[in-house]
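Here is a short walk through one structure. Keep the view open as you read.

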Amino acid sequence: MTEATRPERPKGPSLLASIHDVGPRSEGAVDQLSELFLKHIGAPRYAMLVVPDHWGSAPLVPGSPFATRLRAWADSGIEMFLHGWFHKDVSEHASASARFKAKHMTAGEGEFLGLDYATARDRMARGRALVEDIIGRPVTGFIAPAWLYGDGAREALRDLDFALAEDHFRVWAPQQQDRVLAKGPVITWASRSKSRIASSLAVAALARTLLPRRPAMRLGVHPGDVTVPALLTSIDKTLGALTKGGRFGQYRELLETH
């Protein structure tokens with residue numbers, strides 16, 4: 001086959017969108033964020049990050065009304081990621097770097113930052129089994145709460161053969177020797193303080209105007225975003241700006257295009 005007749009390789013997605021912290025407690029907010037996504041996407045081409053038991057008080061229960069909705073979302077085409085187990089960080093961090101990340105990069109929610117290998121592996125395995133039983137298909141991958149991973153979590157990811165993982169700056173394939181599939185920061189928002197609200201609004205505005213278009217730009221939203229009207233407006237504007245002339249993709253396409 002000559003270069004002239006070789007089929008053109010599909011281009012990667014221009015934007016990967018995701019809703020974090022999906023669980024029974026966040027159902028109303030997830031509905032609101034889904035409506036916002038669908039306004040721009042027109043189809044369920046985005047991801048949900050599912051927490052099996054958010055902070056130990058919102059468990060996923062097979063056969064429950066929420067479990068039925070979760071399966072229906074998956075059946076419609078929404079990608080499902082396992083997103084920790086509790087989402088809460090109760091680890092004692094040994095290093096100064098880990099203590100800094102746990103304190104300043106998240107509000108006590110970096111669950112997998114300080115876990116040893118055995119604990120991380122157990123939570124990943126049990127969480128995947130629970131979510132896959134509910135949705136009736138494999139999860140697309142694993143994304144740690146607050147995008148924070150310790151050494152034990154990274155080793156467990158590889159041993160459990162998750163197809164995809166993501167942190168603040170990259171998407172990679174743990175089952176392929178951590179091969180990097182996409183680079184670049186996640187555009188996201190924070191609602192837990194006035195200063196974080198202001199900074200996330202500023203970063204999103206910058207992203208809409210200055211950031212280069214990458215083959216796989218990423219955008220993540222959280223249930224708390226719906227409590228701040230200015231954040232919802234910013235998310236709406238950012239979705240519109242980043243998808244002009246582009247398309248919404250899905251994470252699994254990263255494996256197909258690499």
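**Helix packing and a cavity**

Angles under 35 degrees count as roughly parallel, and α1 and α7 are therefore roughly parallel to each other. The model is a predicted one. Helix α1 covers residues 27–41 and helix α7 covers residues 229–242. They pack at an angle of about 25°. Their axes lie 9 Å apart. The crossing of α1 and α7 is right-handed.

Now look at the residues that meet. From α1 come Gln32, Leu33, Leu36, Phe37, Lys39 and His40. From α7 come Leu232, Ile235, Asp236, Leu239 and Gly240. By class, the contact of α1 with α7 has six nonpolar, three polar and two charged residues.

Next comes another helix pair. Helix α4 spans residues 117–135, and helix α5 spans residues 151–159. Here the packing angle is about 50°, with the axes 8 Å apart. α4 and α5 are therefore oblique to each other. α4 passes α5 in a right-handed crossing. On the α4 side, Tyr117, Ala120, Arg121 and Met124 make the contact.

Finally, turn to the space inside. The count comes to one cavity of 30 Å³ or more. The largest cavity has a volume of about 80 Å³. Which residues lie nearest the centre of the largest cavity? They are Gly184, Pro185, Leu211, Arg214 and Met217, out of ten lining residues. The lining of the largest cavity divides into six nonpolar, one polar and three charged residues.

Definitions and conventions:
Residues are numbered from 1 along each chain as its sequence is written. This is a predicted model: local features need pLDDT of at least 70, side-chain atom pairs count only at pLDDT 80 or more; totals for chains, interfaces and linings use all residues. Side-chain values use heavy atoms; hydrogens and water are left out. Axes are lines fitted to C-alpha atoms, for helices over the stretch in contact, and angles run from 0 to 180 degrees between N-to-C directions. Helices (H or I, at least four residues) and strands (E, at least two) are DSSP runs, numbered from the N terminus. Angles under 35 degrees count as roughly parallel, over 145 as roughly antiparallel, 65 to 115 as roughly perpendicular and the rest as oblique. A crossing is left-handed if the near helix is turned anticlockwise from the far one by less than a right angle, and right-handed if clockwise. Contact means heavy atoms within 4.5 Å. On a 1 Å grid over the protein atoms alone, a cavity is a set of points where a 1.4 Å probe fits but cannot get out, and a pocket is an open set with protein on both sides within 12 Å along at least five of seven lines; lining residues have an atom within 4 Å of a point. Grid points are joined across faces, edges and corners, and a volume is the space filled by probe spheres set on the points. Ala, Val, Leu, Ile, Met, Phe, Trp, Tyr, Cys and Pro count as nonpolar, Asp, Glu, Lys and Arg as charged, and the others, Gly among them, as polar.
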